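Dear colleague,

I am handing over the structure that we spoke about, and I would be grateful if you could look through it before reading on. My notes on what was found in it follow below.

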Amino acid sequence: MSANLRKGRLKTALAHVIILADSYTHCLSLLGLLTLANMIEFQHVFKSYGRGRNILADINFRIEPGEFVFVSGPSGAGKSTLLKLIGGLEPASRGSISVNGHRIDKMPPRARPYLRRAVGVILQDTHLLYDRNAMQNVMLPLTVIGLENSVAITRSRAALEKVGLSGKEDMKPIELSGGEQQRLAIARAIVNRPAILIVDEPTANLDDETARRIMEVFRDFNRVGVTTLIASHDRGLMASYASRTLLIEAGRFADVKGVPA
Ligand SMILES: Nc1ncnc2c1ncn2[C@@H]1O[C@H](COP(=O)(O)OP(=O)(O)OP(=O)(O)O)[C@@H](O)[C@H]1O
Ligand SMILES: [Mg+2]
């Protein structure tokens with residue numbers, strides 16, 4: 001082998017080592033970022049609507065990356081309000097809220113799209129687009145970020161399949177049952193693989209078997225690291241799935257291991 005060839009091979013090998021080392025450190029720094037990300041933290045958070053009473057008063061908690069947490073309490077206690085604060089859909093009246101490593105109470109409006117990508121929100125009111133079909137509804141978050149159409153279709157189809165809506169791609173929300181509309185909203189929220197999922201009463205309109213199937217969809221996401229927060233009244237469901245519950249009741253707030261007694 002000529003000296004030049006040997007030199008050339010050595011150079012190539014060296015380049016590979018550098019690339020490997022580089023991607024290794026890149027991975028490490030990504031890991032570092034990931035541990036910061038996915039986390040939700042409330043510090044002395046207050047929320048009132050207009051000049052009304054405090055719905056939430058001096059709320060403090062921290063949800064670590066990858067946790068699966070329930071929010072519970074009677075109707076009107078403030079569960080949806082809490083989830084809306086995390087999703088950036090309502091501003092806090094006071095206090096600091098960090099989501100995915102960002103102070104969202106200090107986030108300028110132009111940074112909001114970032115939050116919408118990081119946090120998948122499924123509200124009680126599904127906010128589906130009634131003039132579009134199921135497939136178009138699910139594709140919307142992917143179209144917004146400019147994903148190529150064929151990729152968006154494949155991913156949307158997979159999301160619809162995950163929630164048991166295969167074959168209903170062409171149907172408008174109005175042609176779907178209440179539970180199916182709810183599942184469509186879930187497909188739309190998971191299709192762009194958010195780091196955090198917040199879900200308001202996901203099983204309210206579902207029979208027991210479908211409810212469990214939907215809970216398993218959330219569980220699957222949670223298993224691959226998605227931090228999940230679910231507001232629910234369903235004690236049976238919570239008994240099966242809850243390892244931690246944030247309880248809001250008559251202005252009081254409690255952070256309970258498992259399900260509240
Ligand atoms: N946009 C709003 N303007 C004024 N008051 C509001 C608004 N949204 C919610 N509220 C009030 O805040 C309180 C808490 O509402 P929230 O929807 O957070 O309760 P919840 O615990 O989710 O109840 P439910 O179990 O019935 O869904 C209620 O008294 C409600 O009337
Ligand atoms: Mg609610």
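A residue counts here as buried if 20 or more other C-beta atoms lie within 10 Å of its own, as exposed if 12 or fewer do, and as partly exposed in between, with the C-beta atoms placed from the backbone. Please bear in mind that this is a predicted model, in which local features need pLDDT of at least 70 and side-chain atom pairs count only at pLDDT 80 or more, while totals for chains, interfaces and linings use all residues. Residues are numbered from 1 along each chain as its sequence is written, and chains are lettered from A and ligands numbered from 1 in the order in which they are written.

Of its 261 residues, buried ones make up 35%. Among the contacts with a separation of 6 or more, 68% join residues 24 or more positions apart, a contact being a pair of residues whose C-beta atoms, placed from the backbone, lie within 7 Å.

In strand 9 (residues 244-249) lies Thr245, which is buried because 20 other C-beta atoms are found within 10 Å. Apart from neighbours within four places in sequence, Thr245 is in contact with Phe70, Ser72, Met238, Val256, Val259 and Pro260.

Turning to the ligand, the residues around ligand 1 include Tyr49, Ile55, Lys79, Ser80, Thr81 and Gln124, where a residue is near a molecule if its C-beta atom, placed from the backbone, lies within 6 Å of it. This shell divides into three nonpolar, seven polar and one charged residue (Ala, Val, Leu, Ile, Met, Phe, Trp, Tyr, Cys and Pro count as nonpolar, Asp, Glu, Lys and Arg as charged, and the others, Gly among them, as polar). Helix 2 (residues 79-86) gives the most to the shell, with three residues. Six of the eight residues of helix 2 are buried, so helix 2 is largely enclosed by the rest of the structure; the buried ones are Lys79, Ser80, Leu82, Leu83, Leu85 and Ile86. Just after helix 2, Gly88 takes a positive phi of about 70°.

Helix 4 (residues 134-144) packs against helix 5 (residues 149-162) at an angle of about 125°, with the axes 9 Å apart; axes are lines fitted to C-alpha atoms, for helices over the stretch in contact, and angles run from 0 to 180 degrees between N-to-C directions. That makes helix 4 oblique to helix 5, since angles under 35 degrees count as roughly parallel, over 145 as roughly antiparallel, 65 to 115 as roughly perpendicular and the rest as oblique. The residues of this contact between helix 4 and helix 5 divide into nine nonpolar, two polar and one charged.

The axes of helix 4 and helix 6 (residues 178-190) come within 7 Å and cross at roughly 30°, and these two helices are therefore roughly parallel to each other. In their contact, Ala134, Asn137, Val138, Leu140 and Pro141 of helix 4 meet Leu184, Ala187 and Arg188 of helix 6.

Finally, Glu169 is found in the loop between helix 5 and helix 6 and is partly exposed, with 17 other C-beta atoms within 10 Å.

With best wishes

Terms used. Helix = DSSP H or I, 4+ residues; strand = E, 2+ residues; numbered from the N terminus. Contact = placed C-beta atoms within 7 Å.
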